[in-house]
Amino acid sequence: MAVAYKKEEILSASRVARSFGKVLTELKSQHRRRVVVLKNNQVEAVIVPVDDYEKMAEALDLLEHMEIHRLVTQRARKKGKKPVTLESLLKEQRLAI
């Protein structure tokens with residue numbers, strides 16, 4: 001999946017290295033949403049605030065649990081067993097939607 005980046009989000013790796021403190025300050029103060037790092041005109045990294053990263057990691061975990069639940073439910077139905085609800089699985093694993 002290709003992501004579109006705004007021109008003001010893109011910085012060269014050398015510029016990021018020279019002004020790393022300023023980049024972090026801008027991210028922390030929410031002056032910047034993300035910084036896209038280019039090296040040799042190729043996107044090499046995206047720097048995001050830690051809060052955004054943690055939200056993305058939680059969302060990925062939840063998606064993985066939902067996919068596992070879908071597979072378990074699908075297999076249970078094939079075997080004629082009563083499927084477990086997603087809500088009960090999330091509650092059992094102490095996760096929230």
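These numbered points describe the fold, the strand pairing and the surface of a predicted model.

1. Overall make-up. The secondary structure consists of 4 helices and 3 strands. Along the sequence these elements follow the pattern β-α-α-β-β-α-α. The radius of gyration is 20 Å, well over the 13 Å that the globule rule gives for 97 residues, so the protein is more spread out than a compact globule.

2. Dimensions. Taken along the principal axes, the box filled by the C-alpha atoms is roughly 60 × 25 × 20 Å.

3. The parallel pair. Strand E1 (residues 10-12) runs parallel to strand E2 (residues 35-39), and 3 bridges join them. In this pairing, Leu11 has Val37 of E2 as its bridge partner.

4. The antiparallel pair. E2 also pairs with strand E3 (residues 42-47), here in the antiparallel sense and over 5 bridges. Leu38 has Val43 in E3 as its bridge partner. E2 and E3 form a hairpin with 2 residues between the strands, and Asn40 in this hairpin takes a positive phi near 55°.

5. Of the 97 residues, 19% count as buried. Among contacts with a separation of 6 or more, 42% come from residues 24 or more positions apart.

6. Surface and charge. The protein exposes about 8300 Å², and carbon and sulfur atoms supply 55% of that area. How many positive and negative side chains does the protein have? There are 20 positive and 13 negative ones, and the centres of the two sets lie 4 Å apart.

How values were computed. Residues numbered from 1 in each chain as written. Predicted model: local features only at pLDDT ≥ 70, side-chain atom pairs only at ≥ 80, totals over all residues. Heavy atoms only, no water. Pairing = 2+ DSSP bridges. Rg over C-alpha atoms; globule rule 2.2 N^0.38 Å. Buried < 20%, exposed > 50% of the residue type's maximum accessible area, 1.4 Å probe, protein only. Contact = heavy atoms within 4.5 Å. Areas by Shrake-Rupley, 256 points an atom, 1.4 Å probe, with all protein chains shown as cover. Lys, Arg positive; Asp, Glu negative; His and termini not counted. Charge placed at Lys NZ, Arg CZ, Asp CG, Glu CD.
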